[in-house]
Amino acid sequence: MVSEVKKTIEINPVSRIEGHGKVTIHLDEAGNVADAKFNITQFRGFEKFCEGRVFWEMPVITSRICGICPVSHHLTAAKACDDILGVELTRPAKLLRELLHMGQVIQSHALHFFYLASPDLLLGMDADPAKRNVIGLIAENPDLVVKGVKLRSFGQTIIQRLGGKKVHPNCAVPGGMNTALSKADRDQFLKQIGPAIANAQAAIGIIKEYYEKDSNFVCTCASFPTGYLGLVDESNNLELYNGKLRLIDQNGKVLEDQFNPSNYLDIISEYVEDWSYLKFPFYRKMGYPKGTYRVGPLARLNVSQGISTPLANAELKNFKKLGTNGIVEGSLYYHYARLIELLYAIERTQQLLKDKDICSTDLIVTSNTYNEQGVGVIEAPRGTLFHHYWVDDTGKIQKANLIVATGNNNAAMNKAVYEVAKTQIRNNKITEGILNRIEVAIRCYDPCLSCSTHALGQMPMVVQLVSATGAVIDESRTD
Ligand code: MG
Ligand code: NI
């Protein structure tokens, strides 16, 4: 009798992403990849914790979801609360919130490129894993690391001055902002714009050079068709804070145009897979998995027709040339897209700082009535983030629905893992280089697992080869 031998290779956890996850590669009898899953096994249940709390606490409560992107939750919660109050913010409050958001985008995108992604790109994917990290990068290219540190610190200082703290801010409140920007801080930030732009452009130079050097891998690595979702302004330009939703299909055909984010439930549903605690959002009208879409830098540039700042817009034109009809599919192009957004965020910061209203203290509007529900949407560094609260007439949260950026990219990340595993793994053989290429594909999406799950901290990597009966037939550890 021939028994079915279905083997499973596990990579647990994936290193150098925020939080942690597990990769399981299912092999068929011939040792070829049959299926691959990016498995998120922890559960956080933040939506449940929020029930019974008063809504105006939400900007502070939800900023605790994550130590990596607290500003995104803080601002999205504040927007949902504005919606419950039914108020339109003052112009200075809007500008100041956007400035805070730009600080977050700058620090997050800089962290990702300089600390997490560039070791693979610059030291090589087959480099010694002990050296292929930011410490190895300091030895190899200290100037580059310094550029990253400076950019990150620029973003963090903006957050700190406006938010009161470096990590969990408390400045955005329902109806506006509780802190004004001082003229001294404004002037100090303005002085840093020039060097920040130069550092972002240096990073763009590095990524372009890498693409040229390794073009075969870059073009083919985790390249697959999906839809794309992101906020745009009224001219369909890139928008990270305000704007309406735009959803396009794999060929660039517009599926939803200038869609009111408050009605997101009309276009987005979430599919539940029994093996993952993280849901799989999809475009309702197409169903799952056909309606899978991507969010984040690559998706945002794919849905945008332009960028409202000159330097980033010039780069966008180069980016669009990489794809067919301006639609870029390869996961590794997330890095380029992220750096173009970094450049945009710096230019946008300059525009905001130069605005005549940026230091105004007219920052709060109030209301005595509550709507039954409120929706806040923002383009977090990792992608579209939704907060939706339902409240009773005393303002207590009855129900909360959060769709985080990493959730929006869940199906796409699984697809990316499968695509890489399929082309790289043969005959039960799994090398460090292959493992890292899978990690590299996931890392393109900059998944924030602490947002999606309950992160327990870094664990050593375990690779397991498991038969269908559950027997471990091979195992290796990196510790
Ligand atoms: Mg949810
Ligand atoms: Ni997060």
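# Reading cavities, cores and strands

Author: When the whole structure is searched, 2 cavities of 30 Å³ or more are found, a cavity being a set of points, on a 1 Å grid over the protein atoms alone, where a 1.4 Å probe fits but cannot get out, and its volume being the space filled by probe spheres set on the points. This is a predicted model, in which local features need pLDDT of at least 70 and side-chain atom pairs count only at pLDDT 80 or more, while totals for chains, interfaces and linings use all residues. Residues are numbered from 1 along each chain as its sequence is written, and side-chain values use heavy atoms, with hydrogens and water left out.

Reader: Which residues line the second largest cavity?

Author: Lining residues are those with an atom within 4 Å of a point. For the second largest cavity, with a volume of about 30 Å³, they are Ala117, Asp120, Leu121, Leu332, His335, Val440 and Arg443. Helix α4 (91-123) gives the most to this lining, with 3 residues, and α14 (432-443) supplies at least two; helices here are DSSP runs of H or I with at least four residues, and strands are runs of E with at least two, numbered from the N terminus.

Reader: How should I read a nonpolar core, and which residues have the most contacts inside the largest one?

Author: In soluble globular proteins, nonpolar side chains tend to be buried together. A nonpolar core is a set of buried Ala, Val, Leu, Ile, Met, Phe, Trp, Tyr and Cys residues joined through side-chain atoms within 4.5 Å, where buried means under 20% relative accessible area with a 1.4 Å probe, protein chains only. The largest core here has 122 residues, and those with the most contacts inside it are Leu99, Leu181, Tyr210, Phe319, Ile346, Tyr389 and Ile438. Its largest share, 13 residues, comes from helix α11 (residues 333-354).

Reader: How do the side chains of strand β10 point?

Author: In a regular strand the side chains alternate between the two faces of the sheet. In β10 (residues 280-283), Phe280 and Phe282 point one way, Pro281 and Tyr283 point the other way, and all are buried.

Reader: In what sense do β9 and β10 pair?

Author: Strands of a sheet pair through backbone hydrogen bonds, either parallel or antiparallel. Two strands count as paired if DSSP finds at least two bridges between them; β9 (residues 268-271) and β10 are antiparallel, over 4 bridges, and Glu270 has Pro281 as its bridge partner in β10. By contrast, β6 (residues 227-232) and β11 run parallel, joined by 2 bridges.

Note on methods:
Chains are lettered from A and ligands numbered from 1 in the order in which they are written. Buried means under 20% relative accessible area, exposed over 50%, partly exposed in between (1.4 Å probe, protein chains only). On a 1 Å grid over the protein atoms alone, a cavity is a set of points where a 1.4 Å probe fits but cannot get out, and a pocket is an open set with protein on both sides within 12 Å along at least five of seven lines; lining residues have an atom within 4 Å of a point.
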